[in-house]
Amino acid sequence: MESVRSSLRYLFADLIGDHDGEPPFLPDGLPEAATPAVSEGIHLLMEYQGASYARLYVDRIKRFVRRSNVDAAMLAEIARLLAARMAYEDLIRIAQLRLISLQSGRRPGGRETYDVRRFRLDELLGALPQAVADSMMTGFEQIGWLGRRRIKVRFSIRSRFAVRRLKLIAGLRRWRLQSVRYGEERAWAERWLHMIARALDKQPAAAHAVIETATMIQGQGDAYRQGLSDWHAIIDGLAKPTFDGALPLSDLAAAIDEARAVALAEPGQGALQRTIAQIRARALAAPSSNAAE
């Protein structure tokens with residue numbers, strides 16, 4: 001019921017033109033050199049979802065402000081990648097961007113006025129509120145369509161009807177924070193930030209490599225799912241056990257870079273899992289070192 005009430009409040013605010021308040025302030029103590037990245041992130045997330053979402057972004061950034069081993073460049077990189085991931089590319093965002101291109105002065109006519117994307121069925125359902133999506137996903141899973149079915153969606157601004165359709169899709173924004181996909185993205189963002197913090201505590205030299213793993217997850221469709229799966233494999237196989245003290249890996253940054261290179265060169269988890277197993281075997285067979293405790 002709370003999610004329904006929240007959705008109705010959002011719908012009412014949208015109808016009366018109240019777009020969730022003013023932008024949040026920059027965090028106190030933010031280095032001047034990191035200010036442009038954080039400001040751009042706030043602007044992006046205001047456009048993407050609204051002020052409360054931008055405030056969540058600022059709250060997440062605050063965790064790393066004033067840390068002695070986080071300089072302005074690292075903070076700016078965290079801010080940039082966090083904003084990019086929080087503004088994840090779902091069909092709502094693609095519709096938003098097409099409408100923005102129309103508002104910027106581009107008019108229907110020409111190939112640039114439409115964009116055709118292929119979505120997994122679970123991606124499309126994932127943009128719906130969880131209460132609605134769960135039952136639909138169960139039904140499609142029972143007939144074997146959920147992870148296999150691919151659906152083409154045309155994002156066009158060629159006609160008034162097409163623009164109205166885009167507005168309907170973009171209007172799902174009001175329910176985005178109750179969607180299945182948002183729940184997954186929220187969990188991922190919190191884990192990524194947690195792993196950065198653990199790297200800073202346990203192996204500061206690996207913090208940059210952990211931060212950059214966010215670039216593994218981009219776009220939508222099968223490529224997005226593959227990147228997400230590869231990310232979890234590297235974190236679960238290398239980073240977490242190192243931070244837990246279960247894997248004596250003294251150079252986690254090099255290990256992450258090696259695993260990422262394999263994942264990029266050979267899509268599919270076979271080669272990546274073999275590489276992770278080899279890295280782990282080398283670490284466990286090596287003499288005792290100054291691995292993270």
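Let me start with a question: where is Arg66 found? Arg66 is in the loop between H3 and H4. Helices here are DSSP runs of H or I with at least four residues, strands are runs of E with at least two, and both are numbered from the N terminus. Arg66 has a positive phi of about 70°, although it is not a glycine. Most residues other than glycine have a negative phi. Arg66 also counts as exposed, at 66% relative accessibility. For that scale, buried is under 20% relative accessible area, exposed is over 50%, and partly exposed is in between, with a 1.4 Å probe and protein chains only.

Now the ground rules. This is a predicted model, so to speak of local features we need pLDDT of at least 70, and side-chain atom pairs count only at pLDDT 80 or more, while totals for chains, interfaces and linings use all residues. Residues are numbered from 1 along each chain as its sequence is written, and side-chain values use heavy atoms, with hydrogens and water left out.

How confident is the predictor? pLDDT is its confidence in each residue, from 0 to 100. The protein chain averages 86, and 83% of the residues score at least 70. Over residues 1-18, though, pLDDT is below 50, and that stretch has 12 contacts in the model beyond near neighbours in sequence. A contact, by the way, means heavy atoms within 4.5 Å. Residues 289-293 also stay under 50, with 12 contacts beyond four places in sequence. Where pLDDT is low, the predicted coordinates should not be read in detail.

On to the overall picture. The protein chain has 13 helices and two strands. Of its 293 residues, 47% count as buried. Take the contacts between residues at least 6 apart in sequence: 74% of them join residues at least 24 apart.

One example from helix H3 is Tyr53. Tyr53 counts as buried, at 3% relative accessibility. Tyr53 and Met86 are 33 residues apart in sequence and 8.8 Å apart in space, C-alpha to C-alpha.

Next, salt bridges. I'm using a side-chain nitrogen of Lys or Arg within 4 Å of a carboxyl oxygen of Asp or Glu. How many does a search of the whole structure find? It finds 16.

Back to the loop we started with. Arg63 forms a salt bridge with Glu190, and their closest N and O atoms are 2.9 Å apart. Arg63 lies in the loop between helix H3 (51-62) and helix H4 (72-86), and Glu190 is in helix H9 (residues 180-202), so the pair ties together parts that are 127 residues apart in sequence. Both ends are partly exposed, Arg63 at 41% and Glu190 at 28%.

Arg67 is in that loop as well, and it pairs with Asp201 in helix H9, so parts 134 residues apart in sequence are tied together. The closest N and O atoms there are 2.8 Å apart. Arg67 is partly exposed at 22%, whereas Asp201 is exposed at 56%.

Asp90 sits in the loop between H4 and helix H5 (91-103), and Arg176 in the loop between helix H8 (160-170) and H9, 86 residues apart. Buried or exposed? Asp90 and Arg176 are both buried. There is also a network: salt bridges that share partners join Arg60, Arg63 and Glu190.

Last stop, the second largest pocket, with a volume of about 250 Å³. Grid points are joined across faces, edges and corners, and the volume is the space filled by probe spheres set on the points.

Which elements give two or more residues to that lining? They are helix H11 (221-244) and helix H12 (252-265). H11 gives the most, with four residues. The lining includes Thr215, Met216, Asp230, Arg260 and Pro267. By class, the lining divides into five nonpolar, four polar and two charged residues. Nonpolar there means Ala, Val, Leu, Ile, Met, Phe, Trp, Tyr, Cys and Pro, charged means Asp, Glu, Lys and Arg, and the others, Gly among them, are polar.

Note on methods:
pLDDT = per-residue confidence, 0-100. 1 Å grid on protein atoms, 1.4 Å probe; cavity = no way out; pocket = protein on both sides within 12 Å on 5 of 7 lines; lining within 4 Å.
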